[in-house]
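Hello,

Here is the structure I promised to pass on. Please open it first, then read the notes below it.

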Amino acid sequence: MTTKTCIPFHSTRGNVEPVNLETALARGLAMDGGLYVPERFPRLTAEDFSWPRSLPETAQTLLAPFFACSSLEAQLDQICEEAFNFPVPLRQPEHATWQVLELFHGPTAAFKDVGARFLAQCLDRLQADKLVLVATSGDTGGAVAAAMDECKSLQVAIAYPKGMVSARQEHQLTCWSDSVHACRIDADFDTCQSFVKRAFADAELSTLPLTSANSISIGRLLPQMVYYAHASLDVFHSTGKLARFVIPTGNLGNALAAVWARRIGLPIGEIVLATNANRTISRYWMLGLWSPEATVATLANAMDVSDPSNMERLKHLFPDPSDTVHGIQAASASDRQIADTIVATHQRHYMAICPHTATAVHALSVVRPSDGQDVIVATAHPAKFESIVEPLIGRTIKMPDALAELMERPTSVQDLPADYSAFSRALLDIHPTKT
Ligand SMILES: *Cc1c(COP(=O)(O)O)cnc(C)c1O
């Protein structure tokens with residue numbers, strides 16, 4: 001018999017005992033307010049992954065060390081098959097030296113489907129009977145709702161900023177069964193996120209079985225490493241080069257997964273963080289100064305975040321700030337640059353891209369070159385942001401079938417003021433304590 005080594009999860013703030021995977025998945029946030037991180041990373045290199053292989057197979061090999069000794073270990077294969085049931089293709093656009101990793105072929109046409117589906121599969125198998133609480137700046141809520149709508153043991157509450165999400169995004173937040181409750185809050189995303197964080201710490205809500213599905217949830221971060229592993233292996237086997245991923249970044253969950261995959265040993269070179277006019281990250285990389293300002297609304301609205309939560313995990317991984325800067329570059333794009341990039345990419349490469357993906361294409365044009373293979377990470381389907389993209393490129397974009405089907409459904413939503421007590425009362429109404 002081989003002895004297995006388990007990987008516990010501990011808090012970035014280090015004030016509580018480490019927990020096992022099930023507890024980290026079910027709690028979302030650590031009890032000291034910190035974020036869960038694996039106590040150590042397994043070491044896996046390209047040789048550990050026979051090639052070619054399917055995406056679920058990459059997922060199983062990559063995630064097995066994190067699931068060792070957990071009650072979900074025997075079900076990991078099934079979880080991976082269910083969660084990674086849509087393609088994540090790497091494409092070569094015409095006349096481009098870079099490739100595109102398309103993360104938008106899931107049910108709600110954005111990369112968050114990956115993490116949301118994986119987390120839903122895990123929680124449902126833990127028979128958790130949870131109220132899943134999400135703050136969303138656009139895409140998270142829809143992906144979580146789509147992934148959890150049919151999970152019998154789960155209820156979902158979504159807090160989103162009024163007037164700051166697109167019509168199609170809003171439809172995807174509000175078109176579900178009674179187990180999904182959409183709260184439209186008269187505030188910005190950071191306020192919605194602060195309400196959600198406060199709810200977890202609120203003694204008056206301690207009777208509710210709350211859990212998180214934001215990108216702070218470890219159950220979303222772990223599976224996001226999978227497409228970076230798979231794409232980097234693909235690039236490595238076809239070109240012999242390290243992949244340099246250019247990643248549209250808001251709350252830093254997607255990019256952090258790439259950093260973790262590189263730490264594990266996958267053939268990933270430099271990582272480029274692309275932000276919109278919310279410049280906290282690019283300023284930090286330029287000046288070494290962490291100074292979040294008020295959030296501004298941009299064309300790439302799912303990235304309208306000025307104080308990305310996952311920075312706490314990145315700082316935890318690199319306690320010395322000079323190490324953070326090493327191997328990672330950052331660049332930001334104004335709305336004007338996003339629009340110009342959408343037009344230019346359509347003209348040069350015959351390719352329609354969403355405003356988030358455009359920040360990455362723009363970033364690639366301004367960062368220092370590397371000897372790796374550049375890979376633009378496409379985080380949403382352009383049809384999701386048709387009101388921005390279609391006028392710029394002068395043609396209509398066909399909606400993916402899954403998305404078109406969602407748009408036909410009726411919607412319901414609860415409007416709330418920018419007041420935490422109204423939000424907490426709404427939560428108590430949603431899930432009356434069973435006594
Ligand atoms: C959420 C989102 C992002 C930002 O991802 P983070 O993990 O928050 O950095 C980028 N693009 C799209 C389309 C998104 O939905």
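The buried residues of helix H7 are covered by several elements, including strand E5 (130–135), strand E6 (154–161), strand E7 (180–185), strand E8 (210–212) and helix H17 (420–430). Keep in mind that this is a predicted model.

Which residues of H7 are buried? They are Phe189, Asp190, Cys192, Gln193, Phe195, Val196 and Ala199. The helix runs over residues 189–201. At 1.5 Å a residue, 13 residues should span 18 Å, and the end C-alpha atoms of H7 are 19 Å apart, so the two values agree.

**The protein as a whole**

The protein has 17 helices and 13 strands. It counts 435 residues, and 63% of them are buried. A compact globule with 435 residues would have a radius of gyration near 22 Å; the protein has 20 Å, which agrees. Its C-alpha atoms fill a box of roughly 65 × 60 × 45 Å along the principal axes.

Taking contacts with a separation of 6 or more, 75% are between residues 24 or more positions apart.

The accessible surface comes to about 17,000 Å², and carbon and sulfur atoms hold 50% of that. As for charge, there are 35 positive and 46 negative side chains. The centres of the two sets lie 3 Å apart.

**Single residues to look at**

- Glutamate 22 sits in helix H1 (residues 21–27). Is it buried or exposed? Its relative accessible area is 16%, under the 20% cut-off, so glutamate 22 counts as buried. Leaving out residues up to four places away in sequence, glutamate 22 touches Ser70, Ser71 and Leu126.
- Proline 52 is in the loop between strand E2 (36–38) and helix H2 (55–67).
- Alanine 109 is not a glycine, yet its phi is positive, near 65°. Alanine 109 lies in the loop between strand E4 (99–102) and helix H4 (112–125). With a relative accessible area of 1%, alanine 109 is buried.
- Leucine 252 also has a positive phi without being a glycine, at about 75°. Look for leucine 252 in the loop between strand E9 (243–248) and helix H9 (253–264). Leucine 252 counts as buried, at 4% relative accessibility.

Best wishes

Terms used
Residues numbered from 1 in each chain as written. Predicted model: local features only at pLDDT ≥ 70, side-chain atom pairs only at ≥ 80, totals over all residues. Heavy atoms only, no water. Helix = DSSP H or I, 4+ residues; strand = E, 2+ residues; numbered from the N terminus. Rg over C-alpha atoms; globule rule 2.2 N^0.38 Å. Buried < 20%, exposed > 50% of the residue type's maximum accessible area, 1.4 Å probe, protein only. Contact = heavy atoms within 4.5 Å. Areas by Shrake-Rupley, 256 points an atom, 1.4 Å probe, with all protein chains shown as cover. Lys, Arg positive; Asp, Glu negative; His and termini not counted. Charge placed at Lys NZ, Arg CZ, Asp CG, Glu CD. Expected span 1.5 Å × (residues − 1).
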